[in-house]
Amino acid sequence: MDQGKIIEKIEEQISRIEGLKGLPKRSLSPEFIKWQRDTEVIITKIFGSETRHFGEFSRISYHLRRSNRRTPESSFVTSYQNGLERATSLLQSFIQEISDFGVSSSTPEGAGLSAYDLVLKLCYRFHMVARQLRSRHSDRPTLDINDEYDVQDLFHALLLLDFDDVRPEEWTPSYAGSSSRVDFLLKKERIIIEIKKTRRGLAAKDIGEQLLVDIQKYQSHPDCKMLICFVYDPEGRVSNPFGIENDLSREFEGIPVKVVITPK
């Protein structure tokens, strides 16, 4: 893609922001979610997924971190509008950078997927794999995903398709007086993967709180350059998965965190 076409793509995303300003703020709209994801895809294609460009855009917050029923609507409006303004300024700075310096040849179009992208691909396609496993010839026995251990076993097998050194249940350093384990460590890539499965009695609020605790623990792990939290929700128990993803997919104390909840 030539430089002019790249700038045109970014300008198109900026032009769409104006139409998002009047949409609901207390819960992010489907139109906003599509715009945000489309923009992330464009940034990834231009710069790559492990660059400051993608990190800076993905960390923009459009929603209040903490709120309750008494929080006035004006607070949600302000937070939402500020997020859109930051996104506009950032995308405009990308255009200026491309105009001044061009696009780095280190991320050519069609380059192979990064380790981060490969893990996310597994997260997004996990439910398709789990569903396919239930459709075996002549009703032969298969792997049913009944609990978190089943999710871990299948995810581990899928990781081995792309990664040689997958270390399950690595110990983390002491946190709050006790040590604990992470689900998977990609040693060479320095990516930690935390896996959860929703169940009866585990509300969306509980999932969010557990993820926050996990994020704080993994900040002290010497091999944690990035944390990916995969939440498998086949029964649709999380009513607003986009909200949790947007609130927690950001940088914590220098560690980029990505939360993926599927299926939606």
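## Exercises on a predicted model

Strand β6 (residues 255-262) has seven of its eight residues buried, so described in a predicted model.

**Exercise 1. Which strands pair with β6, in which sense, and over how many bridges?**

Step 1. Take β4 (residues 226-232) to begin with. This strand runs parallel to β6, and six bridges join the two. Within this pairing, Cys229 has Val259 of β6 as its bridge partner.

Step 2. Turn to β5 (residues 251-252). Its pairing with β6 is antiparallel and involves two bridges. Here Phe252 is the bridge partner of Ile255 in β6.

Step 3. Look at the connection. β5 and β6 make a hairpin with two residues between them. Glu253, in the turn, has a positive phi of about 50 degrees.

**Exercise 2. What is the strand order of the open sheet, and which strands stand at its edges?**

Step 1. The sheet has six strands in the order β1-β2-β3-β4-β6-β5, and the pairing is mixed.

Step 2. The edges are β1 (166-168) and β5; each has a single partner strand, so one side of each lacks a neighbour in the sheet.

**Exercise 3. What kind of aromatic pair do Phe126 and Phe155 form, and why does the pair tie together parts apart in sequence?**

Step 1. Searching the whole structure gives 12 aromatic pairs.

Step 2. For Phe126 and Phe155, the ring centres are 6.0 Å apart and the planes are at 35 degrees, so this pair is tilted.

Step 3. Phe126 is in helix α5 (residues 115-133) and Phe155 in helix α6 (residues 148-159), so the pair ties together parts 29 residues apart in sequence.

Step 4. Check the exposure of each ring's residue. Phe126 is buried at 0% relative accessibility, and Phe155 is buried with a relative accessible area of 0%.

Step 5. Aromatic residues also group elsewhere: Phe32, Trp35, Phe57, Tyr62 and Tyr80 make up one aromatic cluster.

**Exercise 4. How does the reach of helix α4 compare with the expected value, and against which helices do its buried residues pack?**

Step 1. α4 (residues 73-101) contains 29 residues and reaches 42 Å from first C-alpha to last, close to the 42 Å expected at 1.5 Å a residue.

Step 2. List its buried residues. Among them are Phe76, Ser79, Tyr80, Gly83, Leu84, Ala87, Leu91, Phe94, Ile95 and Ile98.

Step 3. Consider the spacing. Residues three or four places apart on an α-helix point the same way, because a turn takes 3.6 residues.

Step 4. Find the partners. The buried residues of α4 pack against α1 (3-20), α2 (30-47) and α3 (52-58).

Step 5. Finish at the end of the helix. Gly102 follows α4 and has a positive phi, near 80 degrees.

Terms used: Residues are numbered from 1 along each chain as its sequence is written. This is a predicted model: local features need pLDDT of at least 70, side-chain atom pairs count only at pLDDT 80 or more; totals for chains, interfaces and linings use all residues. Side-chain values use heavy atoms; hydrogens and water are left out. Buried means under 20% relative accessible area, exposed over 50%, partly exposed in between (1.4 Å probe, protein chains only). Helices (H or I, at least four residues) and strands (E, at least two) are DSSP runs, numbered from the N terminus. Two strands pair if DSSP finds at least two bridges between them. The expected span of a helix is 1.5 Å times one less than its number of residues. Contact means heavy atoms within 4.5 Å. Rings of Phe, Tyr and Trp (its six-membered ring) pair if their centres lie within 6.5 Å; planes under 30 degrees apart count as stacked, over 60 as edge-to-face and the rest as tilted.
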